[in-house]
Amino acid sequence: MSNTSSYIMYGIKNCDTIKKARRYLEDNDISYQFHDYRVDGIDDALLSSFIAELGWEVLVNKRGTTWRKLSDEEKNAVVDAESAKQVLLAEPAMIKRPIIVSADKRYLVGFSAAEYQQFTQ
């Protein structure tokens, strides 16, 4: 168990997966800070750190409605880290979530109770 705020969760407050992940942390008394892209924003430096650690392919949520709303031309233009970064900065709802980062700079994307249990030990 974590007794300090040693995790930061990034996402969007009203996302169902975020709600599940937050509930897991709260039910297990794991302290964390929540960073909402819509409220707190996301900048080039933060997104670049995500891309460096996780790879741009992991971050682009191609199953969400924001991706589906893009034109084929816009989708086909997402071919590398730089093009992905530009789309994700413009449309942060397209970033796969949640992203949780530990104090020792370990990263986890998505939510499953089993992965969170292992990650937070």
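Analyst: Tyr 107 is buried, since its relative accessible area is 19% and the cut-off for buried is under 20%; please keep in mind that this is a predicted model.

User: How many aromatic pairs does a search of the whole structure find?
Analyst: The search finds six aromatic pairs. One of them joins Phe 50 and Tyr 107 in an edge-to-face arrangement, with 6.3 Å centre to centre and 80° between the planes. This pair links distant parts of the chain, as Phe 50 belongs to helix 3 (residues 44-54) and Tyr 107 to strand 4 (residues 107-109), 57 residues apart.

User: And Phe 50, buried or exposed?
Analyst: Phe 50 counts as buried, at 1% relative accessibility. Ring pairs also bring in Tyr 10, which forms a cluster with Phe 50 and Tyr 107.

User: Switching to helix 1, which residues are buried there?
Analyst: The buried residues of helix 1 are Ile 18, Ala 21, Tyr 24 and Leu 25. They sit on the same side of helix 1, because the arc they cover around the axis is only 125°.

User: What covers them?
Analyst: The cover over the buried residues of helix 1 includes strand 1 (7-11), strand 2 (33-36), strand 3 (99-102) and helix 8 (113-119), whereas the face turned away from the buried side carries the exposed residues Asp 16 and Asp 27.

User: Which ring faces do Arg 22 and Arg 106 lie over?
Analyst: Arg 22 lies over the face of Phe 34, at 4.1 Å from the ring centre, and Arg 106 lies over that of Phe 119, at 4.5 Å from the ring centre.

Terms used:
Residues numbered from 1 in each chain as written. Predicted model: local features only at pLDDT ≥ 70, side-chain atom pairs only at ≥ 80, totals over all residues. Heavy atoms only, no water. Buried < 20%, exposed > 50% of the residue type's maximum accessible area, 1.4 Å probe, protein only. Helix = DSSP H or I, 4+ residues; strand = E, 2+ residues; numbered from the N terminus. Arc of directions from axis to C-beta. Contact = heavy atoms within 4.5 Å. Phe/Tyr/Trp six-rings, centres within 6.5 Å; stacked < 30°, edge-to-face > 60°. Lys NZ or Arg CZ within 6 Å of the ring centre and 35° of its normal.
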